[in-house]
There are 2 protein chains.
Amino acid sequence: MKRNVLIIGAGGVAHVAAHKCAQNNILLGDIHIASRTLSKCHAIIASIKAKGSQRGPGLLKAHELDAMDVAATKALIRSTGAQIVINVGSPFLNMSVMTACIETGAAYLDTAIHEDPSQVCEAPPWYGNYEWKRRDACLKAGVTAILGVGFDPGVVNAYGRFAMDAYFDKVDSIDIIDINAGNHNRYFATNFDPEINFREFTSTVWSWEDSQWKANAMFERKHDWDLPVVGKRTAYLTGHDELHSMSKNLGVPNIRFWMGFGEHYINVFNVLNNLGLLSEKPVRTAEGLEVVPLKVVKAVLPDPSSLAPTYTGKTCIGDLVKGTKNGQPREVFVYNVCDHKESYKEVGSQAISYTAGVPVVAAAMLIADGVWDVGQMVNVEELDPKPFIGLMNRIGLVSRVRDAAGERVLDPYAEAPAKSRSSTPVAETTR
Amino acid sequence: MKRNVLIIGAGGVAHVAAHKCAQNNILLGDIHIASRTLSKCHAIIASIKAKGSQRGPGLLKAHELDAMDVAATKALIRSTGAQIVINVGSPFLNMSVMTACIETGAAYLDTAIHEDPSQVCEAPPWYGNYEWKRRDACLKAGVTAILGVGFDPGVVNAYGRFAMDAYFDKVDSIDIIDINAGNHNRYFATNFDPEINFREFTSTVWSWEDSQWKANAMFERKHDWDLPVVGKRTAYLTGHDELHSMSKNLGVPNIRFWMGFGEHYINVFNVLNNLGLLSEKPVRTAEGLEVVPLKVVKAVLPDPSSLAPTYTGKTCIGDLVKGTKNGQPREVFVYNVCDHKESYKEVGSQAISYTAGVPVVAAAMLIADGVWDVGQMVNVEELDPKPFIGLMNRIGLVSRVRDAAGERVLDPYAEAPAKSRSSTPVAETTR
């Protein structure tokens, strides 16, 4: 049982997480928001007040923090009494914030894998390069650290685990499909920090096939999917965080990630990438100025948070799982559909931020409740997915399932009877 | 009669001009090359020596010069004894170099209109904003200043004037068509300084139609032309220097400039332009660095001079002139075809640099001879085109003509008998 939350970061996902924490502060206690830019924290608090998101009494406070500074982060954790840290700042911060948590005993949550600013796309599994090196330290300190608990990674890991438990004897493949069928009504924009967004696509695409890592180039492989609500969409094989833990934890031979891109996005991306404008390595202008091209591209693109007011349409993200049950082939799609306009109406953000911000708060609530307070480092698929999916159904992200029996809301306890093979969470058994 | 040449600039056009001056140094005397970067001047001299371009004895010397510094430029003109200055540096330098010429009495030549780094596409006629304000000063000092005497502007101005004189009683339209049908075998590159190249296309396209300025957007109007050697090509209405003097000097109601672009060039241009990456106005990165996006684009693109070794194919640039002769409608295309590979073989440059560098040296030779040493500021169409076209035929750029009688080499004295209405050069009559 833990209380009081420190949110690190004040971007789009932090905005949603702060709203959701405030909506659930009777359970979570005080809510603190810390960022290098204090004014962005204040803006989030003003938005929470304007929307009337805060449910019960309790602190709602802004702090200036450079979260690369472990000592300062530890001091803030201690002074706020935060027992849960939600790290939704830049992925460059993960290891610093995690260290501060290990050294103070606070629970740690994030939504994206750690990145080194100077490296793009390291050797798989990516978690092995940074986070997993701290597993023993977490276990020794009894610190709960749940890695990558946004939507993807995060909810899609839980969907994969849930589908395996509930619907299959043997799973052959999990295809995670991420479609944003929304329209931001700009010439071009990324839905989150352009620097982080583009870094996902500028190097080797790793996927897990036939129980080994397979390398492809971005936009080399595509597939047309026919999905609920958003219809027929083309998605491209993309490297993504969740493959790097699910491949290790689930024993499934094929796990792939497919992201939907329109032709216009691909064209702009290809032009910028081919010219070298997405490089994280500095170039020198004729005038002698050293500058990282990707940072200039970021500077000219719209601020992702500016897109929300006019964003329309829906996202559809889910896991298409194929395998066998009782000797018969079976195919199940577990998914969520989120509406940009409704997200904006509720918390002032578009659906991309909303789908990443709600799950991390659901996870924080499960830690506060003790259900997911496992006292060690885990990826989401190592935890019982049922309370997570059930809680999200109640706080804003409703999961659904499509299979031979049709489409329906996914009630995890109704769909997965107690006899399913791993009703006991992995992480709790290994504790 | 003037001797000794100072070339200012050490880019692609300067490289060709220096080779051509060396090939004709028996007439031109000493050849001096000056640039901010001394090593680039030395590289040109090394290339001249390697190719054996120098015809007669005489100096061939490199100088370090910031040509924005008028006093330094004057001192160099005096110390070298240069009576002819070929300014083929950045178009940002024109007014400084011209001032140095006016104050020393040296003849002045350039190949592109003056630009202010902070302004893109000023009010037409562009020459009125800078150069023409010095007409009186040139006349008073008796200084010959020939503006824009590369290929376009330059040769195309002479073609327009020649066609009017030789083939028509009345001209209705001159369409200048510039097609580079070459292939540099790179993903994307500009054929000269990307900064200057893109500045041409990022604002209003001015053309001269029905005897007035008409504004269009870049890529708004296109036309398919069927040209000698290069065949059918799509070209786009483009703003260009020569329109801004020919409209004033020729009395022709329609003068337009069309530049050929492939779909790939247009796509890359549009992406960069729509994103704001071609802007000359600085932006600030998240890290607080102030940087001009266009200068970063320039930094990531190939150096135009690096393209020459693998460049293949041909350019075709000319004037399609329509009007009447003896009451009958007539149409004549006066043009040049230049081969990238042959240019490289001769002087180590591609055809874009070659077609700009040869004419300015032909003009210098006509000044040295006295034929074009008019003691005032002129644009090319104000001068007798016949000696210019005739000389270029002998030194590397052969002009051709296509009309109802077929295609043939343009021998200006054979094509334009003495009875043609302006066998006396305009500029000489006004002297």
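**Figure 1. The interface of chain A and chain B.** In this predicted model, chain A and chain B bury about 2200 Å² between them. Of that area, 77% lies on carbon and sulfur atoms. Buried area is the accessible area (1.4 Å probe) lost by two parts on being put together, summed over both. On the chain A side, Tyr187(A), Leu275(A) and Val300(A) lose the most area to chain B, together 27% of what that side buries. The contact involves 27 residues of chain A and 27 residues of chain B, where contact means heavy atoms within 4.5 Å. Residues are numbered from 1 along each chain as its sequence is written, and chains are lettered from A and ligands numbered from 1 in the order in which they are written. Local features need pLDDT of at least 70, side-chain atom pairs count only at pLDDT 80 or more, and totals for chains, interfaces and linings use all residues; side-chain values use heavy atoms, with hydrogens and water left out.

**Figure 2. The relation of the two copies.** A rotation of 180 degrees, with 0.1 Å of shift along its axis, superposes chain A on chain B (RMSD 0.0 Å). That is the relation of a two-fold axis.

**Figure 3. Salt bridges between the chains.** Two salt bridges are counted between chain A and chain B. A salt bridge puts a side-chain nitrogen of Lys or Arg within 4 Å of a carboxyl oxygen of Asp or Glu. Glu287(A) pairs with Lys295(B) at 2.9 Å, N to O. Lys295(A) pairs with Glu287(B), also at 2.9 Å, N to O. Lys295(A) lies in helix H11 (residues 293–300) of chain A, and Glu287(B) in the loop between strand S13 (283–284) and strand S14 (290–291) of chain B, so this pair joins two chains. Helices (H or I, at least four residues) and strands (E, at least two) are DSSP runs, numbered from the N terminus. A network of salt bridges links Asp193(A), Glu195(A), Lys295(A), Lys298(A) and Glu287(B).

**Figure 4. A salt bridge within chain A.** Over all chains, the structure holds 40 salt bridges. One of them joins the side chains of Lys2(A) and Asp373(A) at 3.0 Å, N to O. Lys2(A) lies in the segment before strand S1 (5–8), and Asp373(A) in the loop between helix H13 (351–369) and strand S17 (377–379), so the pair ties together parts that are 371 residues apart in sequence. Both ends are buried: Lys2(A) has 14% relative accessibility, and Asp373(A) has 11%. Buried means under 20% relative accessible area, exposed over 50%, and partly exposed in between (1.4 Å probe, protein chains only).

**Figure 5. The nonpolar core around Ile7(B).** The largest nonpolar core has 236 residues. Such a core is a set of buried Ala, Val, Leu, Ile, Met, Phe, Trp, Tyr and Cys residues joined through side-chain atoms within 4.5 Å. The residues with the most contacts inside it are Ile7(A), Ile86(A), Phe388(A), Ile7(B), Ile86(B) and Phe388(B). Beyond its neighbours within four places in sequence, Ile7(B) touches residues including Ala14(B), Cys21(B), Ile33(B), Ile86(B) and Val88(B). In soluble globular proteins, nonpolar side chains tend to be buried together.

**Figure 6. Cysteines without disulfides.** The whole structure has zero disulfides over all chains. A disulfide is a pair of cysteine sulfur atoms within 2.5 Å. The sulfur of Cys41(A) is 13 Å from the closest cysteine sulfur, in Cys21(A), too far for a bond. Cys316(B) is in no disulfide either, with the nearest cysteine sulfur, that of Cys338(B), 11 Å away. Cys41(A) is buried at 0% relative accessibility, and Cys316(B) is buried at 0%.

**Figure 7. Backbone exceptions.** Most residues other than glycine have a negative phi, and most peptide bonds are trans. A cis peptide bond joins Pro124(A) and Pro125(A), with omega about -5 degrees. Another cis bond joins Asp152(B) and Pro153(B), with omega about 5 degrees. Asp210(B) has a positive phi, near 50 degrees. Asp210(B) sits in the loop between strand S8 (205–209) and strand S9 (212–216) of chain B, and is exposed at 59% relative accessibility. Phe219(B) has a positive phi near 65 degrees, but is buried at 16%.

Key. Least-squares fit on C-alpha atoms with pLDDT ≥ 70 in both.
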